[in-house]
Structures are given as structure tokens and as C-alpha cells.
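Student: Could you walk me through how to read helix packing and ligand shells in a model like this one?
Tutor: Gladly; let us look at it together.

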Amino acid sequence: MKYETQKIAYNYFLIATLLFGLQVVFGLITGAKYVWDHDPLINILPFNVSREIHINLLVVWLLFGFMGGTYYLVPEESETEIYSPGLANFQLVLFALIGVTAIVGYIFRWSWGMPFLEQPTILKIGIVIVALIFLFNILMTMLKTRKWTVIQGVLLGGLVMLALLFLFGIFFMKNLTEQYYYWWWVIHLWVEGAWELVTGAIMAFVLLKLTGVERELVEKWLYVETGLVLFTGIVGTGHHYYWIGTPHYWLWVGGIFSALEPLPILFMVIDTLRDVREKKIEIENKTAVYWAIGCAVMHFFGAGVWGFAHTLPQINKWTHGTQITASHGHFAFFGAYAMLNLTVIYFAVPRIKGVKLVRNGLSLMALRTMTFSMILIALSLAVAGIVQVYLQRVLGMDYLTVQGFMKLWYAVFWASAWGFAIGAFMYIVDFFRLSSTTSARAQQ
Ligand code: HEM
Ligand code: HEM
Ligand SMILES: [Fe+2]
């Protein structure tokens, strides 16, 4: 760690880690409702409430991680301290308070009711204030030296896009089609646009520092990926406009452009593997490198392959809104963004704590357990989805009868989820061990 204010990132990573743990707990509670005949929590925490807490925690912890990653990255790229550490800490506390209020509020049914964007308007305004403070602080830091790098440019572009798009999720529209039209500007354009840029920039930075490859090489690919992500990702929004009452041309536009979306993601995998291979110096922190490779591969399968599988309108008309969607949602979010944040944490935290991390057994065990379990989660939900599509959509059986036939696969899903929870627990233990460890112990 070269700059004192890079330390700010640690508290962001700490909160991200705690919320990740809580997200998994709420995942298990939500999943239990698939397999248990009698739900003892039905009146306190029904399915819709535990589901909204589960997915909101996901988004909030990922945002904490992105912000932490940014606070770690920017001083080193700009070669200057963060403009205002006070603002950065204030922003952290404010965001955490809003997050906690939202979650407690959901339990008391204080909710707006749009998946992922359930926060009541007043809390959304608070989130906008958090985003403005964050962007202001980052921009002022970059302007202090005016040392522009491609990594910084892409990161800033992604973060501004992320904040601007959120505004489209604040207004309430009477017409449901219009509402969903703009909902996707947040949901799709976040995960397949803005977040991809943030991810690309952060991954490029981490690989640059870990492997010591030429900056020009990493940056050249970042240009290509950014261009392609924006090109395919923005028009690819059409894959959500097939069946909501929008004009017919979206079938063509959405089908063709979203089918091209795996390309930039594939380039990211190739890029990562090449960067790791073309290392000029011996890689020291192997733990972080394994996470980076895992992330690139899982990102490609979860988002690229699992996304492509149901993106063409001819297929999506059968699979839309089934467990196939949930299978892809889990796989993509975990592979692309949860793993990215864990990569950054394993890269930055040892540096912040002054620990020389080489090969950390517990971390790699967590990596294997979570990855393997997530593949099982994705597969079991996919099979449940295929049963659902066939019985409900092809044979025309009614919804609830079909749910009964899916139970076996829900049970496989829930068992795999416990495996995932064990992996997540290992990671959390390791995070705290790393935070309070000496150099020698971290290498075990
Ligand atoms: C990291 C990137 C991605 C993430 C995190 C992600 C996540 C998600 C999530 C959570 C949903 C469910 C939304 C909802 O209805 O509640 C979804 C839907 C969908 N995704 Fe992705 N996705 C990603 C990339 C992609 C890509 C690259 C493609 C296409 C190649 C794709 C194709 C689709 C399609 C077609 C749907 C709609 C499913 C339906 O009709 O029910 N996704 N995605
Ligand atoms: C212990 C493990 C987990 C369990 C048991 C679990 C369970 C569930 C359940 C039951 C749902 C509701 C699906 C529905 O609407 O029918 C859900 C939604 C979701 N979960 Fe999880 N989850 C777990 C871990 C995760 C992880 C690690 C991630 C991402 C990193 C994640 C991301 C999501 C997303 C994006 C949705 C919304 C999907 C959609 O809109 O289609 N979950 N989860
Ligand atoms: Fe999408």
C-alpha cells in the first residue's frame, strides 16, 4: 500500500463481508420455503419479504465492495491521497444506515415493491446523496493530479453511468409497461453495462499489480472490452422487451445484440488468462490470482453461456420468468460480481494490513467450495426450470401442480445452498483471520 488513504477501503470490505454473510442466511431462509410444506415464518417473514431482503443485501454488499475497490485503486492510479477521507467515512456510515433502515423496513412491509429497487423513495434519495458524495470525492481526487489513465477513465465512466441509471428507478409510473421499460434501464444496464465497466477497470488494475504485465497491454484490451460491452449491452436491453408490450422490432434487436453479449465477456477470460501467463515477475499473491481466474471463468459461464441459453426470443418465450431465470441470476451475479469483489478483497486487504499473502489454504478452500456449490445451485435450478417449462408451458399443467413436481430439484438446490453457505462461512472466518494476522500465519 503506497497511500495512507487507501486504508479507507478496509471498512467498506468489512461491511461488504458482513452483508454477504447475511445475504446467504436470507438465501437459506428463502430457499427453505421451497422445500418445507409448512412455513413457520409465514406471518413474520413470508417468501416475498425474505426474497427482497436477500436480493437487496446482494446489491448493497456488491456496491460496498465496488466502492472499497475504488477507494483502494484511485490513489494508486492518480498517485495522490483521497481528496477527503472524512467524506469517504461519512458516506460509508450514511450508506450503511440507509441499508439497515431499508432491511428493517421490509420486515415491517415498508416497501416499494419493484424487485431489486424495493427501497421507499425517501431512502432512494438518500442513496442518490451517497452516490453524489462518492463521485465527488473520487472526481476531486482524480482532478488533484490530472493524471489520467485508461483504467481510471473507464472506472469513472462506469461509476457515473451506474449513478445516472439509478435515477430511472426512482419515479413511479401508472402504466406498468412504462414502469418496466425503465426498470430495465437500472437492472439490465447496471449488470450488463455500468457494472461491467467497473469490473473491467478493477480487474485490469488488480492484474496489472499482481502480475506486473505491461500497462499498455492491459489497457489495450480494456478499450476493446469497453467498446464491445457498451455496443452489445445497451442494445441488448431488448432481451427484456420481448413480452412487456413494447414494439415487435425488439424481438430482432434484442435477440441479435444480446446474443453477441458473451463476446466481450469471453475476451475478458482470454485477457485474464493471458495476463497471468505473460507475467514478467514471479507472482507472489497466488491466492488473489486464483480468485481472478475463477472469476473470469465463472463470469463467462454464468453471464455469457447461461445468459445466451435463454436470450433468443424463440427460446425465451418458453423460459421467461421460470427457474431458468433464477438459475442464470445466481450464476451470473456470483461469477461476475461476487467473485470480483472477493478477488479485490484478497488483493487489497493483505496490502492494507501489511501481510505478505502467498497461498492461503482456507481462502482457496472457500473458493472451491463456493464455486462448486454455485455450479450445483445453477444446475439444480436449471433442471427445476426445465421441468417447469415442459409441464407448465408445453403441457399446460397449472402452476401449483407443477411446483409439486419440481420439489426434488428444489431439495437438491437447497442442499447445494448449504454447501455454498459453508464456503461463505470459511471466507468470512478467513477475512477476519487476515485482518488480525501476522505475515507468517497468512501463508499456511
Ligand atoms: C454479469 C452479468 C449478468 C447478470 C448479473 C445477470 C443477472 C440477471 C438476473 C438477476 C436476471 C433476472 C431478472 C429478473 O427478472 O428479476 C436476468 C435475466 C436475464 N438475463 Fe441476465 N445477467 C447478466 C448477463 C446476461 C447476459 C450476457 C445475457 C445474454 C447473453 C443475459 C440474458 C438474460 C435474459 C434473456 C434474461 C431474462 C430472463 C427471463 O426472460 O425471465 N444476462 N439476468
Ligand atoms: C445459500 C445460498 C442461497 C440460497 C438458498 C438462495 C435462494 C434464493 C431464492 C429461493 C431466491 C428466490 C427465487 C425466486 O424468485 O423464486 C433467490 C433469488 C436470488 N438470489 Fe439467491 N440464494 C442463495 C445465494 C445467492 C448468492 C450467493 C447470490 C449471488 C451472489 C444470489 C443471488 C440471487 C439473485 C440475483 C436472485 C434473484 C433472481 C431472479 O430475479 O430471478 N443468491 N435466491
Ligand atoms: Fe439483461
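Tutor: Let us begin with a handedness: the crossing of H6 and H9 is right-handed. A crossing is called left-handed if the near helix is turned anticlockwise from the far one by less than a right angle, and right-handed if clockwise. Helices here (H or I, at least four residues) are DSSP runs, numbered from the N terminus. Keep in mind that this is a predicted model, where local features need pLDDT of at least 70, side-chain atom pairs count only at pLDDT 80 or more, and totals for chains, interfaces and linings use all residues. Residues are numbered from 1 along each chain as its sequence is written, and chains are lettered from A and ligands numbered from 1 in the order in which they are written.

Student: At what angle do the axes of H6 and H9 cross?

Tutor: Axes are lines fitted to C-alpha atoms, for helices over the stretch in contact, and angles run from 0 to 180 degrees between N-to-C directions. Angles under 35 degrees count as roughly parallel, over 145 as roughly antiparallel, 65 to 115 as roughly perpendicular and the rest as oblique. For H6 (residues 176-211) and H9 (residues 262-277), the axes come within 10 Å and cross at roughly 15 degrees, so the two helices are roughly parallel.

Student: Which residues of H6 and H9 meet?

Tutor: Contact requires C-beta atoms, placed from the backbone, within 7 Å. Gly200, Met203, Leu207 and Thr211 of H6 meet Met268, Thr272, Asp275 and Val276 of H9.

Student: And how do H2 and H12 cross?

Tutor: Their axes come within 10 Å at roughly 40 degrees, which makes H2 oblique to H12. This crossing of H2 and H12 is left-handed.

Student: Which residues come closest to ligand 1?

Tutor: A residue is near a molecule if its C-beta atom, placed from the backbone, lies within 6 Å of it. Ligand 1 is surrounded by 23 residues, with Ala303, Gly307, Gly329, Ala332 and Ala336 the closest. H12 gives the largest share, six residues. Domain bounds come from an automatic or database domain assignment; domain 2 (173-283) and domain 3 (295-444) both contribute to this shell, so ligand 1 lies between them.

Terms used. Contact = placed C-beta atoms within 7 Å.
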